[in-house]
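Here is a short report on one protein chain. Look at the fold first, then read on.

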Amino acid sequence: MNQILVIDDNKGIATALEVLFSIYDIKTLHAISPQEGLRFIQSNQIDLVVQDMNFTEDTTSGEEGCKLFKQIHSEYPDLPVILLTAWGNLETAVELVREGASDYLTKPWDDTKLMTTVNNLMELGQLRQQTNSMLSQKTSIAQSLSQQYDLCDTVFNSSSMLQTMTMATQIAHSDIPVLITGPNGCGKEKIAETIQANSSVKEKPFVRVNVGALPMDLLEAELFGAEAGAYTGAQKKRVGRFEAADGGTLFLDEIGNLPLSGQVKLLRVLQTGEFECLGSSETRKVNVRVISATNANLLNDIQQGTFREDLYYRLNVIEIKVAPLAERVDDILPLALYFMPQNKTLSQEAEKALQNHSWPGNVRELENVIKRASLLASNDHIRTKDLGLPEQAAPTIEKTVSSEPDKEQLIATLLRSRHNISQTARELGLSRQSLYRRMDKFKIPRD
Ligand SMILES: Nc1ncnc2c1ncn2[C@@H]1O[C@H](COP(=O)(O)OP(=O)(O)OP(=O)(O)O)[C@@H](O)[C@H]1O
Ligand SMILES: [Mg+2]
């Protein structure tokens, strides 16, 4: 049950409020002086304070109320306070709202208006609690992950990345194949490194092959090796990457680019560990864990006939998805700080611009933007213009289509805007209607 503390020397006012609040199932505590009020806050769970501005008979300056509010607000900055004021103290009340009081009502107050304010503040308080508990849960999971595992300097603060990292570290010790999917530059290779660093074969070789970067005709020789003279220009015997990775991990980047003939060979190695070098009939056997990555939609490629379905199911016994950076806004600033030289700082507008950009090139783009801005900035303070990002309007439109805010983001934005629907919708790049739909979906109460 919610509990409101009324601090007022007038018993009549306290009783009237108590009756009103009880209709809404809210319990009222009554303190008759600022000192008693502060004691009550210390020893009770209070969700909201309604306070008078004058407590001593014959005083009308509002000074006592002002002092009380400031004391409450400095000790309990999250506790909402409504000021009850006479006409004479209106200016002081307005000033205090600027300093952080939630609202002021003139006596005699309007019950409906008071209850609307009270209910809004209570809801906001609940949302804040939910967010706080989610955040502290998140922090403790992240902490225990970094204590238990080598996270390879992966920087993250979003729930989505926390899930990804948790999964990567949990499956690291087994030798099953992993497929890492996600758009360009989102950190797929970082995840692959993390898996290797926490695997039972971490001391063994970690061999990378960028399948997309090799010419088709060299790819098979690169992967499986070639005897001298196996193809034109092959003067020496060439050790394939599978052999080089024996006992360890082979990271096949951009696996979607592997031609069908290579896919057949790869499938066989995955099934039996066996393969032949180009130009040799001798069968070799290796024990290699395969981690592959792609930014393509392999299911589409299967339908197009350019990727083998049986290989797909071999490679993605476990799939780890890395979300685009625009969908993990909470990662943007920590990553920006990570990429920035220590003597540099970001202006507030620059921080906002970074958070609003749609990052089609993901973390790699962010890294480049920050490194360039650090060089270009005229002093140690990086401003929006140093970032060289396109005008803000475009990313917002982009955001509406591409990024879907999660519950936590919604709550955080609502809290930041003090439950202002228009502002929240604008910040998330949504229409009011679509914001309401998402609030309903996540069971976040409307006003
Ligand atoms: N969470 C992170 N923390 C720190 N650095 C990161 C993080 N994610 C990505 N990076 C850095 O960003 C760059 C791009 O990441 P990475 O190469 O892992 O992406 P990718 O998904 O493999 O990209 P591509 O699709 O182009 O192969 C790298 O320099 C990487 O070290
Ligand atoms: Mg990569």
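Leu366 is in contact with Leu325, Ile332, Leu335, Ala336, Phe339 and Trp359, leaving aside its neighbours within four places in sequence. The model is a predicted one.

Leu366 also belongs to the largest nonpolar core, which has 62 residues. Together with Ile180, Phe242 and Leu250, Leu366 touches the most other members. Helix H15 (residues 362-376) supplies the largest share of this core, five residues. Domain 2 (152-321) and domain 3 (326-441) each give the core at least three residues. A second, separate core has 29 residues, including Cys66, Leu83, Tyr104 and Trp109. In soluble globular proteins, nonpolar side chains tend to be buried together.

**The sheet**

Next comes an open sheet of five strands. Its order is S7-S8-S11-S6-S12, and the pairing is parallel. Which strands stand at the edges? They are S7 (206-210) and S12 (318-321). Each has a single partner strand, so one side of each is left without a neighbour in the sheet. From one strand to the next, the twist averages 20 degrees.

Inside the sheet, strand S6 (residues 178-181) pairs with strand S11 (residues 289-294). The two run in the parallel sense and share four bridges. In this pair, Val178 stands opposite Ile291 in S11. Strands of a sheet pair through backbone hydrogen bonds, either parallel or antiparallel.

Helix H7 (residues 188-197) lies across S6, S7, strand S8 (249-253), S11 and S12. Helix H7 runs at about 165 degrees to S11.

**The whole chain**

The protein chain holds 20 helices and 14 strands.

| Domain | Residues |
|---|---|
| domain 1 | 3-127 |
| domain 2 | 152-321 |
| domain 3 | 326-441 |

The C-alpha centres of domain 1 and domain 3 lie 37 Å apart. Along its principal axes, the C-alpha trace of the protein chain spans about 105 × 50 × 40 Å. How does the radius of gyration of the protein chain stand against that of a compact globule, and what is its value? The protein chain has 31 Å, whereas a compact globule of 447 residues would have a value near 22 Å.

Of the 447 residues of the protein chain, 34% count as buried. Among contacts in the protein chain with a separation of 6 or more, 68% join residues 24 or more positions apart.

Terms used
Residues numbered from 1 in each chain as written. Chains lettered and ligands numbered in written order. Predicted model: local features only at pLDDT ≥ 70, side-chain atom pairs only at ≥ 80, totals over all residues. Core = buried A, V, L, I, M, F, W, Y, C linked by C-beta atoms within 7 Å. Buried ≥ 20, exposed ≤ 12 C-beta atoms within 10 Å, placed from the backbone. Domains from an automatic or database assignment. Contact = placed C-beta atoms within 7 Å. Pairing = 2+ DSSP bridges. Axes fitted to C-alpha atoms, helices over the stretch in contact; angles between N-to-C directions. Rg over C-alpha atoms; globule rule 2.2 N^0.38 Å.
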